[in-house]
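Please keep the viewer open and turn the model as you read.

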Amino acid sequence: MPGPLRRMILAVLAVSAAALPARARPTKVAMTQIDGDTIGLWMAMEDALDDKNLEVVPTRHVTHVIDRLGLDEDLADRDIQKLAAELGADAIVQGVFEPHTRKVRFTIFAHGTRGRPFTVAARYAGTDQFRKQVHATMLVKLAAALQAGDAATDRGDTARDDATSRKAKKAAKTTKATAADDVVEIVDADDDSPARPAKPEKQKAPKAVAEASGEDGKKARRKAKTTKDTNEQIAAAASPKKDKQASRQKDSGAAVAAGDGSAKPPTPAKKVDGAAAVPGDSPQSAQEPDEPAAAAIAQAKADEAGEPPDAGTPPAAAKQVAERDDEIAPRATARFEPSPPAHSANRVAVRVDVGASLSTRDLRFQSTAFANAPKAYTNAPVPGGRVEAELYPFALGDPNSWLAGFGVAGDFDQTVALTLRASAEMTVPLKITERHYAYGLRYRLVFGHTPTSPTVTLGAGYGRRTFAVDRTGLMTSDSLDLPDVDYKLFDPGLAFRLPLGGRLAVTLDGRALLVTAAGQIQRADQYGRANILGGTGSAGLEIMFGKRVAFRVAAEATQLTFKFAGTGTLATSRDGDPTTIDVRAATDRYLGGAGTLAVFY
């Protein structure tokens, strides 16, 4: 690798390493929920930011504070300032995941200043390679953002004590001397021609590298400390074998860190072992730096989504960075496999609910007033058991694809210990079987890209609902004037889930009941043919416990309405006159609820 490129890389790393530890305490960083994150990027980011110089606020806590403060989902600058003050954070990191490019676009907000957005590839999220690359990139970007924020905050400060002022003057002299050094343009290692002088940058040199007499005391002190630490970090990272080599690398690092565009054109460079080098360099000075450091910077450069190289970066340097990135990508592909996407509660692939239910039934007939009119039946709430399951097989691979919405679902519920007694034989307890089940196809639509995005699930299936009395203990079956029902039906409908923050969600479900048969009640010796319309609905609240467990409690109501055609014996002959319709309609209503514990993936 050419010597100047190596010095540039080492200088950038040294600036990032020097800027963060210079604070009296670890830099406190808070990261908001990544918009569009459905693969668990926030967990990988928290791992990547694990550093002794950083204090990372957990993303879940940040989300909780945002909800408590009542801030909008799209945080404005004023909201971010309020959030930073509440958390006591030096920097707030916001991210947006772009599924089609598999990249995350980050913005750092530090000390009232919003930084320039940058992108990080997230194809290998969850791997060590990803964490190393994100760690190096974030340190560089955080250092730049914090320095920019400090410069904006510290304007107008006065000088401190004399000792500090002397250090500032010394740093100013060093910076000024460094600005006069030669800057060697990086050329391709395969090019045998000598290096060409680099053109001075057109942009104005930043105020941070102006003469000490032209800036306030605190800015001079800060720049002096940054320059000194940068030189020390460069010397340590390069591990020189000769004092002359170390001195040259320190001067080069200071020049890169200062960013002065007024340097003189360089003398032609010599090549040592196929790499460009400054005049007088020994072969050791052309050695490549540590590969992880170069790979991290190359990755950071390559991830600047569509952003051109900096104005001061020669074209050949950009080419070598791109070549280094091309070398890293195949190794990452060969050594690291993408981590499986995470499944949030609104994009589950598998879900199983198990719990208890409570239900009551009310059956009433509409008839003319006569002595033998059918009586209403009502039972007290009785307990039961409930099992529900959902499976979205395509979501096991990619929960964000449109195929991930296709799935199947089913539920089963049955009461326990339900009995009644016939008025003609009160001493005989009669067991009752009351149950219902359904299964069918589902398609889930997610309106958004976050774990708190609402969902609508369309569904249709087949089901049965039974209420049957065991009459074997009766002397005669006519002792009980209550028809059995066994509904066979189709149940098209939809379900709606609305998350309320990260732990709560409201659930609504509604289905039509298209009955094709109703069992004994429609026999000719009972009430005969009838038109039946029905529907069922529920409303519930879901509470999340961790990432894979939830508790849901819901209220439920089901009703089926009969309109008899007057073809059954009990519908026309209860008053002794078969020419008139005695029972015209009936309403079969079920009320109750359920509480279930869900486990999902």
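## About the model

This is a predicted model: local features need pLDDT of at least 70, side-chain atom pairs count only at pLDDT 80 or more, and totals for chains, interfaces and linings use all residues. Residues are numbered from 1 along each chain as its sequence is written, and side-chain values use heavy atoms, with hydrogens and water left out.

## Strands around β14

Let us begin with strand β14, residues 425-446. Helices (H or I, at least four residues) and strands (E, at least two) are DSSP runs, numbered from the N terminus, and two strands pair if DSSP finds at least two bridges between them. Strand β12 (residues 406-415) runs antiparallel to β14 and is joined to it by 9 bridges; here Gly410 stands opposite Tyr439.

Strand β13 (residues 419-422) is also antiparallel to β14, with 4 bridges between them, and Arg421 faces Pro429. The link from β13 to β14 is a hairpin of 2 residues. Between β14 and β15 (residues 455-469) there are 15 bridges, again in an antiparallel arrangement, and Ile432 has Val469 of β15 as its bridge partner.

Pro381 sits in the loop between β10 (377-378) and β11 (382-391). Is Pro381 buried or exposed? Its relative accessible area is 54%, so Pro381 is exposed; the classes are buried under 20%, exposed over 50% and partly exposed in between (1.4 Å probe, protein chains only). Its C-alpha atom is 9.8 Å from that of Thr415, 34 residues away along the chain. Setting aside residues up to four places away in sequence, Pro381 touches Leu358, Ser359 and Thr360, where contact means heavy atoms within 4.5 Å.

One of those partners, Ser359, belongs to strand β9 (residues 350-367). Ser359 counts as buried because its relative accessibility is 16%. Beyond four places in sequence, its contacts include Thr415, Glu434, Leu591 and Gly592.

Val416 lies in the loop between β12 and β13 and, at 46% relative accessibility, is partly exposed. Pro383 is 33 residues from Val416 along the chain, yet their C-alpha atoms are separated by 6.1 Å.

## Nonpolar cores

In soluble globular proteins, nonpolar side chains tend to be buried together. A nonpolar core here is a set of buried Ala, Val, Leu, Ile, Met, Phe, Trp, Tyr and Cys residues joined through side-chain atoms within 4.5 Å. The largest has 33 residues, and Phe467, Tyr487, Phe562 and Phe564 have the most contacts inside it. A second, separate core of 26 residues includes Met31, Met45, Ala110 and Met138.

Phe562 has contacts beyond four places in sequence, among them Tyr487, Ala518, Ile521, Ala530 and Ile532. Its contacts also include Asn531, Arg584 and Asp588.

## Helix α4

Which residues of helix α4 (residues 77-87) are buried? They are Asp79, Ile80, Leu83, Ala84 and Leu87.

After α4 comes Gly88, with a positive phi near 65°.
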